[in-house]
Amino acid sequence: MTTKTQDLLGNNLTADDLELIALYERLKVLSQRSDLPPVVVANCKQAMVMMWNACNDLGLFYEEPGCD
Amino acid sequence: MPPVTTNPYWNPKVETLPKEQLRALQLHKLQRLVDRAYNQSPFHRRLYDDAGVTPDKIRTLDDIRRLPFMTREDWMQNQAEKPLFGDLITRPPADAIRYHLTSGTSGRQPLRVLDSRKDWSWIADMWCYGFWGFGIRPTDTVFFAFSYGSFIGFWGAHYCCEKMGCLTLASGNMTTEQRVKQIVEMGATVVCATPTYALRMGQTAEKMGIDLRKEGKVRRVVVSGEPAGSIPAVKKMIEDMWGGICGDTAGMTEIGTIMIFECDHQPGGPHIIEDHFIEEVLDPDTGNPVPYGERGERVVTSFGRGFIPLIRYRTKDLVCKVPHTRCKCGRNGDIYEGGILGRVDDMKLIRGTNVYPRAVEAVVREHSEVEEFQIVISRVDVQDEITVKIELKPDQQDSWGRLQNQLCKDLADAHEGLRFNVEFAKQGELPRFELKAKRLQDLRPQY
């Protein structure tokens with residue numbers, strides 16, 4: 001669960017923003033697990049990357065782009 | 001917020017930020033980027049240590065000028081010293097999912113780039129800013145006249161269209177005639193090509209007896225890879241042929257994607273995607289910023305590619321920046337009036353491929369049979385052609401057939417498969433030089 005309350009511009013995060021970040025963080029955790037089948041890990045990773053892209057573009061955070 | 005498909009912006013929140021807030025966002029990203037580059041890229045650590053600058057020195061956007069420039073020559077030298085990728089990269093190559101290359105500046109060695117999943121998603125996303133901004137929507141059918149290979153070209157745009165939900169048509173193995181036929185048959189509404197090739201397809205359609213304006217459904221032509229995309233006369237020719245409006249984009253393999261795009265208001269040049277790039281325009285000799293409306297060299301800093309930090313990279317592109325208010329679309333990205341106007345160096349663009357005369361010379365000079373040579377660039381109909389004329393040493397005349405084939409292959413190998421014409425020149429036919437040799441003739445019309 002995110003502890004963020006503001007975006008990079010100092011705006012309060014909206015309910016939609018918080019949901020996006022929560023989705024991203026949940027996918028990030030799932031995609032880093034090693035006990036799940038390849039089909040799950042690979043697809044979670046793809047989905048996580050897409051969520052990273054949306055959150056990053058909206059300025060909700062600026063996380064390291066090179067690391068999956 | 002308007003419904004998704006009627007929203008004119010890909011990222012309305014950020015594309016319409018007031019400049020002051022945009023600058024704050026850029027500063028935040030710049031600080032993080034410099035910190036990451038310093039701590040994860042040995043190349044950048046050395047560069048910044050040598051210049052006596054550390055990440056904590058970046059407190060304002062103007063502090064970017066404390067950072068030394070990065071050049072293509074430095075990058076290529078780094079790769080040569082530490083093959084294959086140098087120590088510029090921030091991650092082990094095994095973490096990458098994409099590998100692309102572009103022709104080098106001085107010989108056979110290409111410039112190699114790697115991308116992670118996030119990088120690749122970001123690369124597609126930058127194209128989304130451009131395609132959406134040019135009025136392309138999920139209901140469109142987009143045709144790519146592009147040979148999908150090691151050259152990065154329209155790869156990112158293809159993934160952008162998939163991301164947006166367009167029907168995306170690849171045509172890597174098709175002849176021009178087959179492409180024209182499929183564009184009409186599939187009712188493509190968007191065509192992506194270099195400006196030269198967009199014109200060539202139009203001419204081919206005419207020869208095939210196809211009136212693209214009547215039989216086709218193309219409403220947008222997206223061009224990239226050549227400066228001609230922002231030349232009004234060329235755009236008009238393309239629009240007259242296809243019946244849709246033509247929009248320019250420009251990118252670089254070094255960035256992996258586009259950094260500028262023309263919106264559907266067609267303000268006379270492309271907008272900079274400023275929440276993902278800092279584009280400085282500098283006097284190429286002094287390195288000082290030039291004001292709006294004056295020509296200078298583009299120096300780019302990219303926030304998106306994680307594998308390769310690109311900070312204050314000297315592009316050698318000549319541009320003229322004007323304020324974003326020149327356009328009525330509401331975007332905050334300033335505009336490069338007339339697109340990429342030319343080059344500070346001697347690089348030539350041939351059918352979307354970078355060609356450096358010294359790289360051609362390096363390949364030609366590997367063959368001891370050659371006495372003299374000349375590079376001639378011309379335009380045949382609408383297509384650029386590059387010809388290398390070869391004068392053999394008097395005692396090597398018998399080697400011509402073999403040498404011609406070998407040179408064609410070697411030159412193509414060093415230039416992402418670009419076809420070179422290699423022609424025989426008689427003894428004494430080519431000019432000789434006492435001082436600085438001028439072996440390149442660019443006969444293309446200047447607009």
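Colleague: How many residues does the contact take from chain A and from chain B?

Modeller: The contact takes 16 residues from chain A and 23 residues from chain B, where contact means C-beta atoms, placed from the backbone, within 7 Å. This is a predicted model, in which local features need pLDDT of at least 70 and side-chain atom pairs pLDDT 80 or more, while totals for chains, interfaces and linings use all residues. Residues are numbered from 1 along each chain as its sequence is written, and chains are lettered from A in the order written.

Colleague: Other topic. Which residues have the most contacts inside the largest nonpolar core?

Modeller: B:Phe131, B:Val142, B:Phe143, B:Val191 and B:Cys192, in a core of 92 residues. A nonpolar core is a set of buried Ala, Val, Leu, Ile, Met, Phe, Trp, Tyr and Cys residues joined through C-beta atoms within 7 Å; buried means 20 or more other C-beta atoms within 10 Å.

Colleague: What does B:Cys192 touch?

Modeller: Not counting residues up to four places away in sequence, B:Cys192 touches residues including B:Phe144, B:Phe154 and B:Val222.

Colleague: And which residues are in the other core?

Modeller: That core lies apart and has 16 residues, among them B:Ala359, B:Ile386, B:Ile390 and B:Val422.

Key. Two residues are in contact if their C-beta atoms, placed from the backbone, lie within 7 Å. A residue is buried if 20 or more other C-beta atoms lie within 10 Å of its own, exposed if 12 or fewer, and partly exposed in between; C-beta atoms are placed from the backbone.
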